[in-house]
Amino acid sequence: MSFVPSMRRVMDGCELRSITLGHPLIDAYLEFVGARGAVNTWLATAYDLKVFFEVVGGKEPSEVSAADVFAFLAQQRTPRLEKVVRIADGEAGLSARTIARRLSSAAGLFDYLIVRGDAGVDRNPVPRGLAGRRAGQRGRGGVRLVRRPRTLPRVLSPVEVDALLGALRTQRDRTIVLAMLLAGLRRCEVLGVRMRDVNPGEQRLFVASGKGGRERIVPVSGRFFEALGAYLQSERPHEVSTDAVFVVLKGPRRGMPLSAAGLDEVIDGARGRAGVPRLTCHMLRHTCLTRLREQGMSLEALQAQAGHASIDSTRIYLHLANDWLAGEYMRAAEAIEAQIDPTETEGEAA
C-alpha cells in the first residue's frame with residue numbers, strides 16, 4: 001500500500017489547530033510534535049515529511065529502508081538549476097542545512113514509531129552516520145551523512161541600517177525592525193510580543209515565545225520604546241480584540257495579529273527600496289548581537305540577551321566582531337615580540 005502525502009492545515013482564526021499528511025501514523029506523530037514544539041517547528045516537520053515520502057514513493061513507514069534514505073539524500077543534492085551554485089558553499093542542490101533538517105525530521109518520525117511499538121518499525125532506517133573506526137579503536141570517528149558548513153552570518157553596516165530604517169513606511173514596521181536591531185529578537189519572538197510583555201518604565205521586554213519554549217526578560221534601548229509609543233498612539237487600531245502588539249493595519253485582516261508571512265512581505269519590500277540585498281530578519285538579529293559584542297558585552301550577558309541554550313551558539317559573535325579578534329591578536333603579538341632578543345634578530349639578519 002502506498003499513499004500520496006497531502007499537507008492539510010486546520011486553522012481557528014489565526015491559530016493553527018492541526019496538520020495532517022493523510023497517513024494515520026504520520027499524522028499521529030505530527031500531533032505529537034505540535035503538542036510539544038513551536039508552530040514553526042511543527043510546520044517545518046510536516047513539510048519535511050511530505051517531501052520525504054514523496055521522494056520515497058509514498059511507501060509505508062515500515063517499508064522504508066536505508067537504501068531509500070540514501071536515494072532521498074542523492075535526490076536532494078541534485079542541482080535545481082544548471083550552472084547555478086551558492087556562493088556560501090559552492091553547492092548546486094539544496095543547502096546542507098535544509099537536507100540535514102529533513103533527515104532529522106524523518107529520523108524523529110521513525111524513533112517515535114519504534115517507541116510506539118505497533119507500527120511494524122523495529123529499526124530507524126535513517127543512519128546517524130557511517131562508521132569510520134574499527135571496534136575497539138578510540139575516538140569518535142565516523143562520517144556524517146550531511147556535512148554542514150560553519151559559515152559566518154552576514155551583518156548590516158551602519159549605512160545599510162540607515163537605508164533600511166528610511167525605507168520603512170509605517171511606525172509599526174520601524175518598531176519591529178528596531179526590536180530586532182536593538183534587542184536581538186527573533187522573528188517569532190517579535191510577533192509573539194503581547195501588550196502585557198512591554199515594560200516601558202524599566203525599558204524591558206518579556207519574551208514568552210523564545211526558541212525551545214525558553215522565556216527571558218531583555219533590556220531594550222529607549223529608542224525602541226519611543227517608536228513603540230508612536231505606533232500605539234497613531235497606527236494600532238483601538239478596536240482590536242487581540243493583545244498582540246503588532247497587528248495588521250489595513251485590509252480585511254485589519255486588527256488581527258501580524259503573521260510571519262506578513263512580516264516577510266514587509267522586509268521584502270524594504271529590502272528592495274533600501275537596496276540591501278539578501279536582507280532577512282535573522283540578519284537584523286545578527287547585526288544587533290555583533291554590535292553588542294564589539295562594544296564589550298560579555299559572552300555570558302550576550303547569551304542571556306540572545307536566548308541561547310548553549311554559550312557555544314554565542315561564540316560565533318566573537319568571530320563577527322572584528323575588533324575583538326584584532327585586539328586579542330595584537331596583545332598576544334606584542335607579548336611575543338617583547339620576548340625576542342633584538343641583538344639576536346639583528347645578527348640573524350646580517
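Me: What makes a residue count as buried, and what share of the chain does so?
Reply: A residue is buried when its relative accessible area is under 20%, exposed when over 50% and partly exposed in between, with a 1.4 Å probe and only protein chains considered; buried residues make up 39% of the 350 residues in the chain. This is a predicted model, in which local features need pLDDT of at least 70 and side-chain atom pairs count only at pLDDT 80 or more, while totals for chains, interfaces and linings use all residues. Residues are numbered from 1 along each chain as its sequence is written, and side-chain values use heavy atoms, with hydrogens and water left out.

Me: Why is Arg172 called buried?
Reply: Arg172, which lies in helix H6 (residues 171-183), has a relative accessibility of 8%, and therefore counts as buried. Contact here means heavy atoms within 4.5 Å; leaving aside neighbours within four places in sequence, Arg172 is in contact with residues including Tyr231, Glu235, Phe246 and Leu258.

Me: How do you know that E3 and strand E4 pair?
Reply: Two strands pair if DSSP finds at least two bridges between them, and E3 and strand E4 (residues 204-207) are joined in the antiparallel sense over two bridges, with Val198 standing opposite Leu205 in E4.

Me: What makes the sheet of three strands open, and which strands stand at its edges?
Reply: The open sheet has the order E3-E4-E5, with antiparallel pairing. Strand E3 (198-199) and strand E5 (216-219) each have a single partner strand, so one side of each is left without a neighbour in the sheet.

Conventions: Helix = DSSP H or I, 4+ residues; strand = E, 2+ residues; numbered from the N terminus.
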